Amino acid sequence: MSAIALRRPHAPYRKGWCPGVLTPMETGDGLLARVRAPRARLSLDQAAALVDATVRCGNGVIGLSARANLHLRGLSEGTLPDLHARLKEIGLIDADPGIERVRNIVVSPLDDLDPEALLDLGPSVASLEKRLKEDENLRRLPAKFSFVFDAQGRLPLGDVDADIRFEASRDGTLAVYLAGDDALAAQCAPDETGDVAGRLGLAFLALAGAGEAAPRRMRALVERIGASAVFLEAGFETKSRMRSQRRPLFRDMIGAHAYGAKRVVGVAAAFGEIDAVRLKALIERACALNATSLRLTPRHAFLIAGLDRSGAESLVDSATELGFIADPADPRLRVAACPGAPACMHGHQSVRDDATRWAAMLPKGDEVVLHVSGCAKGCAGPVATAATFTATATGYDLIVGGRAGDPPTRGRLSDAEVMQFLADQGPEMFAPERLS
């Protein structure tokens, strides 16, 4: 195993850096390690062992990120060797930091179970992971350069941003899109994704160049020279084709749902923060009910698959008793919120108590519409929301229809002013079509 590389904060903080298991990041509550589970899936034995590792090596807090990764918090330099050994035993650690850094892949969580999904993405993801592992040239890609595989179906990923997107088609192929252009696509077979992504990644590196002014993400390069130039550099033909913008709805994810003969239970943790002890209890209950796997989603929720009808109903009750969200109408689902201070060294203040109170003021709905961020980085909400409140040293900045780091619509709002703003808004402010 390669030596541990610790990321220590420096001023100014660089937004583009991402932690991993082999490259943990120092935060306000210790070191943070990001676990990128293959296809964002865990067996229940893996999940139980991961929880044990979190308790033994960290502070027992697990964050479920907007990229379907797990953040293990409260680690220390002294506990990292034990963590690495535990994760190696259950197959959740990469061979070296270079591979780990570029393996940023979000996959439809139920492509193999959903009768409405257009493709089982297993071979396609395996093809990409093999290319990322073997091609050392691709390790020069920026830290947040990412890939999405969308099988469509009942839990589409149209709201998840990616530098390179693979979208399943009804003819069994995949349409390939670049960030910044949703209307131009290449096409490939399911087993060609590694070659396609590799060629597009190398084209990005060749066209972006180096230096401070070089684009750090595909979207910035496409805005500068156009998607057609990138596809041409990679040697691909393209055609006009709009990508899907479909987003998953909470009512299709949270609670018990039938997928063929089996049931899947979707569970969320408020703002993506999971207490490891409670998760361990839920996993033990799922094992007793003969569930088969745990699937992570980019919506701060996870799915437990392989249940029968009575088992699913029982697990929903257990999840609720343990403090998880199993009701799709829970208003906290409509809010993205980071830990804020003191857990995050970047945060200006703690934000989750505010987010909980403000969530109760939102109209009912099926999508995230409010983002409460401890700083302008906006880690919990990478996409625009109807309203974003970004903490500052003197209150909250309001951004309407944007992201945490965008120019504010209003600045330095107090808690009372935020609540008054929310009370003054009609349901149309938070309608899904506002950001479509």
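## The hairpin of strands 4 and 5

In the hairpin formed by strand 4 and strand 5, 5 residues lie between the strands, and Ala68 takes a positive phi near 60°. Strands here are DSSP runs of E with at least two residues, helices are runs of H or I with at least four residues, and both are numbered from the N terminus. The two strands run antiparallel and are joined by 3 bridges; two strands count as paired if DSSP finds at least two bridges between them. Leu64 stands opposite Leu70 in strand 5.

This is a predicted model, in which local features need pLDDT of at least 70 and side-chain atom pairs count only at pLDDT 80 or more, while totals for chains, interfaces and linings use all residues. Residues are numbered from 1 along each chain as its sequence is written, and side-chain values use heavy atoms, with hydrogens and water left out.

## Strand 4 and its sheet

Strand 4 (residues 61-64) is covered on both faces: Val61 and Gly63 are buried on one side, and Ile62 and Leu64 are buried on the other. Buried means under 20% relative accessible area, as against over 50% for exposed and in between for partly exposed (1.4 Å probe, protein chains only). In a regular strand the side chains alternate between the two faces of the sheet.

Strand 4 is also joined to strand 14 (residues 273-275) by 3 bridges, and this pair runs antiparallel. Ile62 stands opposite Ile274, and Val61 has Asp275 as its bridge partner. The open sheet that contains these strands has 5 strands in the order 1-2-5-4-14, with antiparallel pairing. Strand 1 (25-27) and strand 14 each have a single partner strand, so one side of each is left without a neighbour in the sheet.

## Helices on the sheet

Helix 1 packs on this sheet and touches strand 2 (30-35), strand 4 and strand 5; its direction makes about 25° with that of strand 5. Helix 8 (residues 276-288) touches strand 4 and strand 14, and its direction makes about 70° with that of strand 14. Axes are lines fitted to C-alpha atoms, for helices over the stretch in contact, and angles run from 0 to 180 degrees between N-to-C directions.

The axes of helix 1 and helix 2 (residues 80-89) come within 10 Å and cross at roughly 175°. Leu50, Asp52, Ala53, Arg56 and Cys57 in helix 1 meet Asp82, Leu83, Arg86 and Leu87 in helix 2.

## The nonpolar cores

The largest nonpolar core has 49 residues, and those with the most contacts inside it are Leu50, Leu83, Leu87, Phe302 and Phe324. Such a core is a set of buried Ala, Val, Leu, Ile, Met, Phe, Trp, Tyr and Cys residues joined through side-chain atoms within 4.5 Å. Helix 1 (residues 44-57) gives the largest share of this core, 7 residues. Another core, of 40 residues, lies apart from it and includes Leu141, Ala151, Val176 and Phe204.

## Confidence of the model

The protein chain averages a pLDDT of 93, and 95% of the residues score at least 70; pLDDT is the predictor's confidence in each residue, from 0 to 100. Over residues 6-16 the pLDDT is below 50, and this stretch has 20 contacts (heavy atoms within 4.5 Å) beyond near neighbours in sequence.
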